Amino acid sequence: MTDDSLPIRAGVPEDFDPVFELLLAAFHQNPDPDFLVLERDVFEPARSLLATDGDRIVGHAGAYTRELTVPGTVLPAAHVTMVAVAPTHRRRGLLTRLMRRQLREVRDAGAEPVAVLWASEAGIYPRFGYGMAAQRLELDIDRRQARLAEPDRRDPVALRAGDPDQVRPELAKVYEQVRQGRPGWSGRDDRWWRYLLADTPARQSGQTALRAVLHDGPGGPDGYALWRSASDWDARGPKARVQVIELVAASVPAYTALWRFLTGIDLTRSVVARYAAPDEPLIHLVDDVRQLGAVLADGLWVRLIDVAAALSARRYAAPVDVVIDVTDPLLPENTGSWRLTGDRERARCVPSTDPADLACDVRDLAAAYLGGPSLRVLADAGRVRELRHGAVVEASTAFGWDRAPAGIEVF
C-alpha cells in the first residue's frame, strides 16, 4: 500500500532534534548528548528530506557532501545516510518516495555523478539502483596463535604513541596520502576529523579511551593506527581485547610494524578489526591465516547518478572500447546505449547508436564501478549479458584495479 498524501519537504537546521529522535528510535538506540553534539556538527539540513504527518517527522533521508576515491581519481559523491521511517508508518511507500526524490534531486543538481552508502539491511537498496561495490573483512585475531613474519632487522622500528587530537594534523596528512589511491575511501575535512576522533563515553562503550600510534619513516609519519582495548580476565589469566578503529599505512615497514604492535600488546588475547580490506596484506603476513578469524561482509553500496559522467570520471586498468546497454527505471536519463572508451590516463563515455556489446541494469554497473565485483563474476551470476563474444573479458579486465575497493568508516 502506498500513501502519497504525506508531504515531503527539505530540512532546516531546527529539524535536527526531531530527525534524530526518529533515527534513535529506528536504530534502537538511546540518546547520548555528547554524540548528538558530534552529529549536529556534520548534519546538512539542506540535504535532508523529511516526510511529515502533521507536526511529526515520520521519514527521513539525508546526505553528506564529501569526496570519494574511485579508480584513478577523486570525485564528489553524495554520501547517503540517516535513512529511516517511523515504525508506525512502514509499508506505506515512504521510503520509496524519499529515495526516489533524493536520486532525482542529486541528478538535477548535477554536481555528484555517484552516490554511496552503508546499508543497514542489504536487501533494501538494490531496488533503488545501488550495487554492492566493496566488501570488507571482519577480523577476530587470536594473537597467541597468529604470528607475523619476523621483522627485517634493517628496518628500524620507529613507533610512537600520541594523543589522537594532538597528532590530528599528522593523521590527516598520512590519510590523505593513502586515500588518493584507495577506491572507496572518503574525503575528510576538519569537521569529519573532529567527528571521527571525538571520544565520547558512548563510543568507548566500556573500553579505554581512543589511542593513536604512529610510524615514522625517513620522510616523517607514514602510517598510524587508532585503537582501543577492553580489559578481561579468566581462570587462565588476562584476555584483554584490542579493537582496531583504523590502520592507515603508506609504506610496507609502517604497515607491518603497526600490525606487529597491535598483535603484540601485553595482557591481550584477541585483536578485532571490523573494516579490513578484502585484499588486506595481513593475510599474507601471518603464519596461520585461519587465526585471523576472517569473515567477509558487505561494505559500500554505490549508485551511478549520471552514467556518462561517472564512467568518464574514473580510469581503467586496460584499454577499453565497449558499448554498454544500460537500464535504469528510476533515472531514465541513464537508460540507453553508452560507448565507453578509456585507459589509465583518460576516459570518455557518450551515447551510442552502435550495437551493444554488453547489457545490464544500472545497479550491476554500479557494483563494478569501484573495481570490486568483476563484470566476469556478474556475468556468471546472470546479472550482465554478453552481446558480443569477448566483451565481458575485455570490460572486466578494464574495470578492475590494482587495489580492491574498501570502506574504512561508516558515515
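Is Cys360 buried or exposed? In this predicted model, Cys360 is buried, with a relative accessible area of 8%. Cys349 is buried as well, at 7%.

The structure contains zero disulfides. The sulfur of Cys349 has its closest cysteine sulfur in Cys360, 11 Å away, which is too far for a bond. A disulfide would require the two sulfur atoms to lie within 2.5 Å. Cys360 is likewise in no disulfide, and the nearest cysteine sulfur is that of Cys349.

Arg179 belongs to helix α4, which spans residues 168-179. The residue counts as buried, because its relative accessibility is 3%. Beyond its sequence neighbours up to four places away, Arg179 touches Glu67, Thr69, Val74, Trp185, Ser186 and Gly187. Arg179 and Ala250 are separated by 71 residues in sequence, while their C-alpha atoms are 9.5 Å apart in space.

Helix α1 covers residues 16-26 and helix α2 covers residues 33-42. Their axes come within 11 Å and cross at roughly 120°. The two helices are therefore oblique to each other. The crossing of α1 past α2 is right-handed. On the α1 side, Phe16, Asp17 and Phe20 make the contact. On the α2 side, Leu36, Glu39 and Arg40 take part. Of the residues in this contact, three are nonpolar and three are charged, with no polar residue among them.

Note on methods. Residues are numbered from 1 along each chain as its sequence is written. This is a predicted model: local features need pLDDT of at least 70, side-chain atom pairs count only at pLDDT 80 or more; totals for chains, interfaces and linings use all residues. Side-chain values use heavy atoms; hydrogens and water are left out. Buried means under 20% relative accessible area, exposed over 50%, partly exposed in between (1.4 Å probe, protein chains only). Helices (H or I, at least four residues) and strands (E, at least two) are DSSP runs, numbered from the N terminus. Contact means heavy atoms within 4.5 Å. Axes are lines fitted to C-alpha atoms, for helices over the stretch in contact, and angles run from 0 to 180 degrees between N-to-C directions. Angles under 35 degrees count as roughly parallel, over 145 as roughly antiparallel, 65 to 115 as roughly perpendicular and the rest as oblique. A crossing is left-handed if the near helix is turned anticlockwise from the far one by less than a right angle, and right-handed if clockwise. Ala, Val, Leu, Ile, Met, Phe, Trp, Tyr, Cys and Pro count as nonpolar, Asp, Glu, Lys and Arg as charged, and the others, Gly among them, as polar.
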